[in-house]
Amino acid sequence: MLQKLVFFLSITFLWTQCTSEKKGNNTTNKLQNDLTMDHHSFGKPNEIATKHLALDLEVDFSSQKIKGKVSLTLENHGFTTLHLDTRNLNIQKVTLGEKEEKTVFTLEDTIPFLGQDLAIEVKPETNLVHVYYETTAGSDALQWLSAAQTSGKSLPYLFTQGQAILTRTWIPCQDSPGNRITYSARVKVPQELMVVMSADNPQAKNNTGIYAFEMKQPIPPYLIAMTIGNLAFKPLGERTGVYAEPEMLEKSAYEFVDMEKMLIAAENLYGKYLWGRYDVIVLPPSFPFGGMENPKLTFATPTIITGDRSLTSLVAHELAHSWSGNLVTNATWNDFWLNEGFTVYFERRIMESLYGADYAEMLALLGYQDLKATIESLGQDSADTHLFLALKGRDADDGMNDIAYEKGYLMLRTIESIIGRSKFDAFLKEYFHSHAFQSIDTKTFIDYFYSKIPKATLGDFTLEAWIYAPGIPAGHYENKSKKFALIDKKVEAFIKNDDIRKWDTKSWTTHEWLHFIRNLPKDLDQEKMKNLDLVFNFSDSGNAEILDVWFELAIYNGYIHSIEDKLEAFLVSVGRRKFLTPLYKGLKETNQLELAKKIYNKARPNYHSVATHTMDELLGYK
Ligand SMILES: [Zn+2]
């Protein structure tokens, strides 16, 4: 995912756990024991595992409910209770087998974050269970948008966000990333709308309003995803294309023109793309993340549609997840760095293949700035800065910050610098290949790594120092960007009152602008702020990344009151958490909580639950 919770003056481009448990002695037992280690799921797949999930759903926009049934194919090891994860679902009936015999079920007590264990009585030989249910207003994966919240303004819209543990809010299932399933779906919607999923997709609307889907590769349940709206499709290459509302389609296709090239570059690095098609859907602005790597169909924020193709590293990131994350998946949310650290590394290699090393170095340096700010915010000694997290009893979403992404990246980059790129590439290719369609934990990775790259060849480096200890270990790889070195000089010159009207900034990329703005001091006087805005037009930038860092700077420099209406317009229209967090946090830290709340009250109805959950906490609503 490209998302990131951002602390302090931080921003990144892309975006969006120890193991004292006893492990078994052989591979099968080990896997089964690992599955039970997921503290964020009630499912007990070592007793009864779900293998396939068939959805038969009807989507009712007037009541904002999804109704229907899920049929679960089971691998039953002779047990008589099936445990499923549910949260805020209305369970109506449960039946067993082809003949749909009624059975008894219990919804256990609600546990914070996790929801309720749906315990279903089955027979030792039962291999098929049907659950009839409907979603509720508390089904947090779903964001229902009114026609007014879409680009077309004429038809409603719905999208889902499953990661980390929200799939259980719209589908009763064993919602653990360690439990891989295939799925199929039949979805009925109003005739004027079209449905797409993380599966084989239609490329045009049909006139029945009924759509069928199939995902034949086993995936973790957080990757089940659906979007419904007035959608259109445009192919970009042989295997690639883009979906969007018709009003956004051409702009989106222009922005993603290099997608097929990215796919080829990715395959050249780490092996064949195993998912068939790779398409992207551009969602309405309330989408809480930069992107979500739903297989075959990345969900993306429209804030990367800038008209200058400057933010497409996000697509490289989500595409890279087709290997790291979707093909090889973190077994629990404590192991989240296995998804994101590898993906950030892979993403930057794709960007380097297409646009050169200096471009990738700029991305890496911005990421490093984020990482340092996040560590400072969490505390140098905080256990939350370990790569392997301890999220038991907490929301799985708490681990989704720069540590997994950027500390993970930095460790991999350090390994590359020690053993050399060709050796590291060979390792990664073999790692993805040998663990394809598996969910693995950190310990498994460490054992695998040392079996291929002996400790003795690594000098002072150890995986353990990065994974089980806080902060950034000494001796890590250091990025250098020639372009950013020039920008650093410009920052100095500006502080010394150089005349910025005489600067030639025509060739500056978004990344150079971001580096410039982020590195300006927090105590600039109002004249200087005003001058910056006048000459570079920051407050009216069409680029959300630039707007975000500029507003943040303006908040800390006391300039925000001059552009308050623009800040409000931005926060009301955009729901991407990475942008929201530093701005609301900045307002709070500069004693402008009242202004923050005034804007938030207006903006909140436009945000997905993932974003409101974070902002409610930040602003003291819970
Ligand atoms: Zn990601």
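Trainee: How are the residues numbered, and what does each local feature need?
Mentor: Residues are numbered from 1 along each chain as its sequence is written. This is a predicted model, so local features need pLDDT of at least 70, side-chain atom pairs count only at pLDDT 80 or more, and totals for chains, interfaces and linings use all residues.

Trainee: What pLDDT does the protein average?
Mentor: The average is 94, and 94% of the residues score at least 70. pLDDT is the predictor's confidence in each residue, from 0 to 100.

Trainee: Where does pLDDT stay under 50?
Mentor: Over residues 5-36. Where pLDDT is low, the predicted coordinates should not be read in detail.

Trainee: New topic. Which side chains of strand β8 are buried?
Mentor: In β8 (residues 128-135), Val129, Val131, Tyr133 and Thr135 point to one face and are buried. Strands are DSSP runs (E, at least two residues), as helices are (H or I, at least four), numbered from the N terminus.

Trainee: Why alternate?
Mentor: In a regular strand the side chains alternate between the two faces of the sheet.

Trainee: How many bridges join β2 to β8?
Mentor: Seven, with β2 (residues 65-76) and β8 antiparallel. Threonine 73 has leucine 128 of β8 as its bridge partner. Strand β4 (residues 89-96) is also joined to β8 by seven bridges, again antiparallel. There, asparagine 90 stands opposite glutamate 134. Two strands pair if DSSP finds at least two bridges between them.

Trainee: And what joins β15 to β16?
Mentor: A hairpin, through four residues. Strands β15 (residues 232-235) and β16 (residues 240-244) pair in the antiparallel sense over four bridges. Alanine 232 has alanine 244 as its partner in β16.

Trainee: Helices now. At what angle do α12 and α14 cross?
Mentor: The axes of α12 (residues 510-518) and α14 (residues 544-556) cross at roughly 5 degrees and come within 10 Å. That makes α12 roughly parallel to α14. Axes are lines fitted to C-alpha atoms, for helices over the stretch in contact, and angles run from 0 to 180 degrees between N-to-C directions. Angles under 35 degrees count as roughly parallel.

Trainee: Which residues make the contact?
Mentor: Among them are Trp513, Leu514 and Ile517 of α12, and Ile546, Val549 and Trp550 of α14. Two residues are in contact if their C-beta atoms, placed from the backbone, lie within 7 Å.

Definitions and conventions
Buried ≥ 20, exposed ≤ 12 C-beta atoms within 10 Å, placed from the backbone. Parallel < 35°, antiparallel > 145°, perpendicular 65-115°, else oblique.
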